[in-house]
Amino acid sequence: MRLRQLEYFLAVVAEGSITAAAASLLVAQPSLSSQITALEQEVGAPLLERLPRGVRLTPAGRAFLAEASTAVLAAGRAGKAARNVRDGLAGELEVATVGSMAVGVLPPSIEAWHRRRPAASLRLIEYRHAELLEQDVAGGVGDLAFGPRPRREFPIMVDISVEEFVIVLPPHDPLAAETRIDVSWLAERRWVLFAADHGLSEVVTAVCARAGFCPAAAVHTAQVEAAARLAAAGLGPALVPDNVVPPGLRATVRPLAEPELRELVAYARAPLGPLAESYVDALTRTANRPRRR
């Protein structure tokens with residue numbers, strides 16, 4: 001049973017005769033008649049009663065009509081769904097990233113992308129470390145990755161933006177008057193740090209090591225936004241990407257005297273489809289917008 005046969009059957013019912021249906025479909029009447037006969041043979045029962053001036057549904061034809069209509073409509077919806085995915089208007093996009101990106105950079109881009117493609121959806125796959133992200137994407141995870149520049153080369157790599165790390169302190173900290181913070185000034189303080197397996201732990205350790213000390217912990221957290229909030233509450237200084245500091249947070253937020261920057265890249269192991277291309281465009285347009293604090 002072919003879809004075309006169902007479409008022919010529905011046309012004959014709608015037009016009331018094989019002759020009229022053949023004319024509307026722009027097919028030869030004998031060809032249409034043979035297709036209807038073949039359909040009836042496959043079903044095992046006559047679907048149409050041939051009358052001198054048209055056709056009439058048989059009891060079997062009336063039962064068949066509803067299901068045939070459903071099948072043709074479903075096939076039409078299936079084709080439209082596939083075309084929408086092909087054209088980048090619908091479907092699901094898997095984006096693999098690190099946790100700090102999901103908090104800071106990605107929300108504006110997702111909002112902008114979804115506004116233009118309301119029928120599409122995006123699924124985030126989040127990692128605590130950029131190396132794990134890179135490894136899994138190379139192994140087949142996700143349609144697209146976004147995060148710090150990977151160590152290996154991928155077939156698709158698009159420079160998106162550069163993020164700057166900042167120190168977060170309480171609003172009335174003694175260093176609040178400073179426009180930039182020398183990390184060595186914080187050597188004697190206890191810090192808000194990340195768990196050892198968190199990617200940002202390495203950044204904090206490296207920055208402090210260049211200033212000549214190893215930071216002591218007041219508290220450990222796995223959440224970058226929580227680190228900013230804990231620092232603002234006075235638990236200790238935190239070093240976080242500027243883009244993860246919550247808007248409106250009552251805190252002293254200052255860049256470093258020696259800026260700590262990190263390149264952010266979208267990358268993939270294969271050429272991008274329309275959905276992924278449209279999302280990279282949204283990332284490019286939103287990633288460098290100034291953020292209100």
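Modeller: Ground rule for the pairs below: contact means heavy atoms within 4.5 Å. Helices are DSSP runs (H or I, at least four residues), numbered from the N terminus. It's a predicted model, so local features need pLDDT of at least 70 and side-chain atom pairs 80 or more, while totals for chains, interfaces and linings use all residues. Residues count from 1 along each chain as its sequence is written, and side-chain values use heavy atoms, with hydrogens and water left out.

Colleague: Which residues in α10 meet α6?

Modeller: Helix α6 covers residues 106-116 and helix α10 covers 274-286. From α6, the contact takes in L106, P108, S109, I110, A112, W113 and R116. Across from them in α10 sit L275, S278, Y279, D281, A282, L283, R285 and T286.

Colleague: And how many residues of that contact are nonpolar?

Modeller: Ala, Val, Leu, Ile, Met, Phe, Trp, Tyr, Cys and Pro count as nonpolar, Asp, Glu, Lys and Arg as charged, the others, Gly among them, as polar. In the contact of α6 with α10, three residues are polar and three charged. The nonpolar ones number nine.

Colleague: How are α6 and α10 oriented to each other?

Modeller: Their axes, lines fitted to C-alpha atoms over the stretch in contact, lie 8 Å apart. The angle, on a scale from 0 to 180 degrees between N-to-C directions, is about 130°. Under 35 degrees is roughly parallel, over 145 roughly antiparallel, 65 to 115 roughly perpendicular, and the rest oblique. So α6 and α10 are oblique.

Colleague: What about α1 and α3: how are they oriented to each other?

Modeller: Helix α3 (residues 29-43) and α1 have axes that come within 9 Å. Q5, L6, Y8, F9 and V12 of α1 meet L32, Q35, I36, A38, L39 and E42 of α3. That contact has eight nonpolar, two polar and one charged residues. The axes cross at roughly 110°, so α1 and α3 are roughly perpendicular.

Colleague: Is S17 buried or exposed?

Modeller: S17 lies in the loop between α1 and α2 (18-25). Beyond four places in sequence, S17 contacts V12, G54 and V55. Buried means under 20% relative accessible area, exposed over 50%, partly exposed in between (1.4 Å probe, protein chains only). S17 is at 17%, so it counts as buried.

Key:
Helix = DSSP H or I, 4+ residues; strand = E, 2+ residues; numbered from the N terminus.
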